[in-house]
2 protein chains.
Amino acid sequence: MTEKISDAEHAVMEALWEASPLSASDVTERVREARGWSIQTVKTLLSRLLAKDIVATEQDGRRFLYRPLVERDAYVAGESRRLVDRLFGGRAAPLVAHLAEQDQLSRQDIAEIEALLKALKS
Amino acid sequence: MTEKISDAEHAVMEALWEASPLSASDVTERVREARGWSIQTVKTLLSRLLAKDIVATEQDGRRFLYRPLVERDAYVAGESRRLVDRLFGGRAAPLVAHLAEQDQLSRQDIAEIEALLKALKS
DNA sequence: GGTTGTCGTTTACATATGTAGTCGTAACGA
DNA sequence: TCGTTACGACTACATATGTAAACGACAACC
């Protein structure tokens with residue numbers, strides 16, 4: 001039921017998932033390289049995330065520190081499921097098949113996945 | 001480099017991938033159940049897809065028939081890659097690991113994937 | 001041949017999104 | 001104490017998106 005996180009907001013969330021709580025300027029610093037946003041932009045994104053209850057704040061003197069309310073894992077799970085539902089009829093196997101066909105699996109990926117599956121079956 | 005396909009546009013594309021060429025009303029009929037859009041809405045979406053060169057038209061008497069210019073496979077590949085890049089650092093194995101952890105893989109999925117990988121290694 | 005229905009085209013409008021600028025205020029530094 | 005700075009809040013504005021209504025042209029039917 002969590003509200004939708006946009007692309008830009010997602011970049012901010014990645015910073016917060018990496019470390020938190022962070023002030024707006026901390027976040028700006030952390031996303032500067034990847035996105036080059038002004039602090040104003042980051043503040044707007046943080047406000048929107050706040051309004052959507054995706055992050056929370058705590059007072060730190062005159063400023064706010066931001067902290068995620070949504071776990072990265074939950075977000076990743078949601079997005080993965082959305083993709084699988086939309087494009088693969090809700091089944092995960094066709095997704096893996098697709099990745100394989102597109103040669104997007106390295107030899108190492110294959111080995112890792114096999115090991116994983118073996119573990120799963122036990 | 002194909003332009004972005006929005007969620008609503010994607011529903012229209014699925015109809016066209018299933019069968020094409022189709023008229024606007026054909027498409028409307030095919031998406032009616034899933035989305036319940038008016039024909040006006042479908043026409044707008046088709047125009048936008050046309051403007052983005054994602055579909056093409058051919059004249060059929062007084063009306064147009066629409067046909068995809070982008071293969072479903074290419075779209076699926078792009079979206080899958082985007083997800084893997086954004087959420088799994090570009091590596092596919094962690095995605096599979098994630099699905100596994102979330103219990104999103106059925107026993108049958110596992111069997112299918114194993115067979116697939118075995119085939120890949122040969 | 002006028003009416004009606006069907007097309008594509010144009011316009012509409014609310015909300016979301018990307019990307020900031022401005023403003024009032026409170027703290028900090030000289 | 002007085003200017004500078006750093007904050008959050010509010011405002012801005014273009015483009016994208018979802019969802020259509022209105023319009024004008026033309027074809028089919030009576």
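Start with the largest nonpolar core, and select A:Ala92, A:Val96, B:Ala92 and B:Val96: of its 20 residues, these touch the most other members. A nonpolar core here is a set of buried Ala, Val, Leu, Ile, Met, Phe, Trp, Tyr and Cys residues joined through C-beta atoms within 7 Å. Buried means that 20 or more other C-beta atoms lie within 10 Å of the residue's own, with C-beta atoms placed from the backbone. Next, colour the elements that each supply at least two residues of this core: α5 (92–101) and α6 (107–121) of chain A, and α4 (72–88), α5 (92–101) and α6 (107–121) of chain B. Helices (H or I, at least four residues) and strands (E, at least two) are DSSP runs, numbered from the N terminus.

This is a predicted model: local features need pLDDT of at least 70, side-chain atom pairs count only at pLDDT 80 or more, and totals for chains, interfaces and linings use all residues. Residues are numbered from 1 along each chain as its sequence is written, while chains are lettered from A and ligands numbered from 1 in the order in which they are written.

**Across the chains**

Stay on A:Val96. Leaving aside neighbours within four places in sequence, A:Val96 is in contact (C-beta atoms, placed from the backbone, within 7 Å) with B:Val96, B:Ile113 and B:Leu116.

Now show the whole contact. Chain A gives 28 residues and chain B gives 28 residues. On the chain A side, α6(A) has the largest share, nine residues. That side divides into 17 nonpolar, four polar and seven charged residues. Ala, Val, Leu, Ile, Met, Phe, Trp, Tyr, Cys and Pro count as nonpolar, Asp, Glu, Lys and Arg as charged, and the others, Gly among them, as polar.

**The axis**

Superpose chain A on chain B: a rotation of 180 degrees with 0.0 Å of shift along its axis does it, at RMSD 0.1 Å. The two copies are thus related as by a two-fold rotation axis. Select A:Glu114, whose C-alpha comes closest to the axis among chain A residues, at 3.4 Å.

**The DNA**

Move to DNA strand C. Among the 21 residues around it, the closest are A:Ser6, A:Asp7, A:Ala8, B:Arg63 and B:Phe64. Near means a C-beta atom, placed from the backbone, within 6 Å. α3(A) gives the most to this surface, four residues.

Finish at DNA strand D. Here A:Arg63, A:Phe64, B:Ser6, B:Asp7 and B:Ala8 come nearest. α3(B) has the largest share, four residues.

Methods:
Buried ≥ 20, exposed ≤ 12 C-beta atoms within 10 Å, placed from the backbone. Contact = placed C-beta atoms within 7 Å. Least-squares fit on C-alpha atoms with pLDDT ≥ 70 in both.
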